[in-house]
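Please work through the exercises below with the sequence and the coordinates at hand. Each task is followed by a solution in steps.

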Amino acid sequence: MDAIFDVRNLSVYYGDKIGIKDVSLQIYRNKVTAVIGPSGCGKSTFLRTLNRLVELVEGVRIEGRVLFDGKNIFDRDVDPVELRRRVGMVFQHPNPFPKSIFENVAYGPKIHGIKDREKLQEIVEDSLKKAALWDEVKDRLSESALGLSGGQQQRLCIARAIATNPEVILFDEPTSALDPIASSKIEELMIELKKRYTVIVVTHNIQQAARISDYTAFFWMGELVEYDRTEKIFEYPENELTERYITGRVG
Amino acid sequence: MKTENISDWLFMMLTFLATVFGIVLLSALLVMTFYEAAGWLDIQFLTSPPSRFPEKAGIYPPLLGSIMMIALVGIFSVPVGVGAAIFLEEYGSGKKITKIIEINISNLAAVPSIVYGILGLGLFVSTMHLKPGIVLVGSLTLTLLILPIVIVASQEAIRSVPGGLREASIGLGATKWQTIRNVVLPSSIPGILTGVILALSRAIGETAPLIMIGAATTIFTAPKDIFSPFSALPMQIFMWTDMPKEEFLYGLAPAGIVVLLAIMLSMNAIAIVLRNHYRKKLRW
């Protein structure tokens with residue numbers, strides 16, 4: 001199996017507080033990997049370590065290694081800016097820029113040096129199509145992104161992440177601020193996206209993890225308790241804590 | 001029950017009187033000023049130099065002096081003030097030294113303006129050997145005076161940009177500077193502009209620091225460039241209140257006040273128009 005991320009003995013500390021402790025796992029290419037666990041278990045910290053966004057937090061300390069395509073992302077010669085282009089991210093609350101729909105999607109390509117208008121238009125159209133939003137917005141690309149509904153805004157954020165041509169897309173509880181219909185559209189989209197990208201999704205929603213993911217990692221108090229194929233985790237969990245969590249008896 | 005109703009009504013009346021007190025006095029002042037200024041405000045007044053004869057006297061040189069000075073203050077204070085705010089909010093935030101700087105900036109905003117006049121005199125005239133009383137020295141001194149206000153207002157505007165937007169930009173692989181330029185600054189421009197223009201309105205009414213740096217109370221030729229000696233509107237108004245003829249105190253000074261008020265109000269109007277324009281551009 002082809003691993004795109006190989007995480008080895010990763011620990012993250014916020015000052016004296018432990019974010020995650022000694023986590024080792026492999027994320028597989030073109031699969032959906034779900035990360036589940038109760039609030040404060042370190043799942044978001046884990047996700048934000050993969051694109052080094054966690055480094056924006058004051059006083060954070062990282063130990064261990066994360067190999068991305070065989071290269072440790074914490075090596076001195078790795079540029080976090082280039083890493084974040086290759087590892088896109090979609091956040092819990094839709095956060096489009098207060099710009100037009102077009103400018104939102106074109107933002108990434110523009111800051112990475114693409115100036116040609118036709119090329120940008122091509123990227124915007126392609127990204128919006130991949131995010132299943134093109135038909136809804138193609139006639140109003142110059143309108144404000146903030147006029148879209150919550151679900152549309154979240155798909156716009158997905159299109160924005162796709163536009164930098166990443167290899168991995170990280171989703172940090174992408175549906176927790178959305179209604180059920182908008183959520184199911186995002187879920188369908190995540191399954192569709194794994195054909196081209198590797199998808200890693202942090203979710204509070206255990207059923208969502210079961211529906212969309214190929215692999216599931218269960219975190220508890222900063223530690224990785226169990227990591228396996230999703231069917232295995234949900235049908236024959238090896239750890240008692242995992243079983244109690246997914247059946248709703250703890251958490 | 002009854003007594004409660006009465007005390008309730010009394011308290012309401014007290015707060016109402018407190019509200020009305022300031023408004024009535026202020027409007028009385030304004031009405032009197034406008035009434036006295038009415039006969040004197042004309043094109044001749046706006047385009048003539050001051051004179052010993054009330055009917056020939058005008059306000060053109062100090063008017064131009066004030067406008068030139070305030071334009072320069074804007075040019076100096078915006079880049080420095082916004083730059084400092086960006087540093088404090090985006091690069092230095094959370095550090096101990098930043099907190100110390102911030103406390104000092106807030107304190108500086110409360111320092112009496114005459115102290116800035118002394119500072120301007122010592123720094124620009126005695127140390128840098130610029131001529132006293134020229135437009136440039138006046139502008140630099142008032143820039144020092146309003147910088148704390150500009151910095152604090154810009155900081156607040158920058159702070160109000162949602163953290164999610166910064167994360168989104170960084171998450172797309174933007175550098176810190178790209179994020180500041182493309183996301184943070186465009187979103188905070190309305191707030192920054194409002195702060196800057198309010199600070200400029202304060203600067204245009206200042207008199208004390210200009211006296212300290214040796215600006216003229218009355219000058220008969222308008223400044224030609226930033227190295228010319230100048231006077232400003234509040235100084236000319238003050239001069240007129242001290243003249244022996246009654247027409248100066250009860251006619252020309254009120255007319256000068258109306259001109260000064262008109263400039264301040266139009267600056268505030270510009271602030272509102274610009275703010276709305278940039279808000280629209282932001283597509284909130």
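The model is predicted, and local features need pLDDT of at least 70, side-chain atom pairs count only at pLDDT 80 or more, while totals for chains, interfaces and linings use all residues. Residues are numbered from 1 along each chain as its sequence is written, and chains are lettered from A and ligands numbered from 1 in the order in which they are written.

**Exercise 1.** Determine how strand 7 of chain A is enclosed and which strands pair with it.

Step 1. Helices (H or I, at least four residues) and strands (E, at least two) are DSSP runs, numbered from the N terminus. A residue is buried if 20 or more other C-beta atoms, placed from the backbone, lie within 10 Å of its own, exposed if 12 or fewer, and partly exposed in between.

Step 2. Strand 7 (residues 168-172) of chain A is largely enclosed by the rest of the structure, because five of its five residues are buried. Val168(A), Leu170(A) and Asp172(A) point one way, whereas Ile169(A) and Phe171(A) point the other way.

Step 3. Pairing requires at least two DSSP bridges between two strands. Strand 6 (residues 87-90) of chain A is a parallel partner of strand 7 of chain A over four bridges, and Val90(A) stands opposite Phe171(A). With strand 8 (residues 198-202) of chain A, strand 7 of chain A also pairs in the parallel sense, over five bridges; here Asp172(A) has Val202(A) as its bridge partner.

**Exercise 2.** Describe the contact between chain A and chain B.

Step 1. Two residues are in contact if their C-beta atoms, placed from the backbone, lie within 7 Å. By this criterion, 24 residues of chain A are in contact with 17 residues of chain B.

Step 2. On the side of chain A that touches chain B, helix 2 (80-86) and helix 3 of chain A each supply at least two residues. Helix 2 of chain A gives the most, with four residues.
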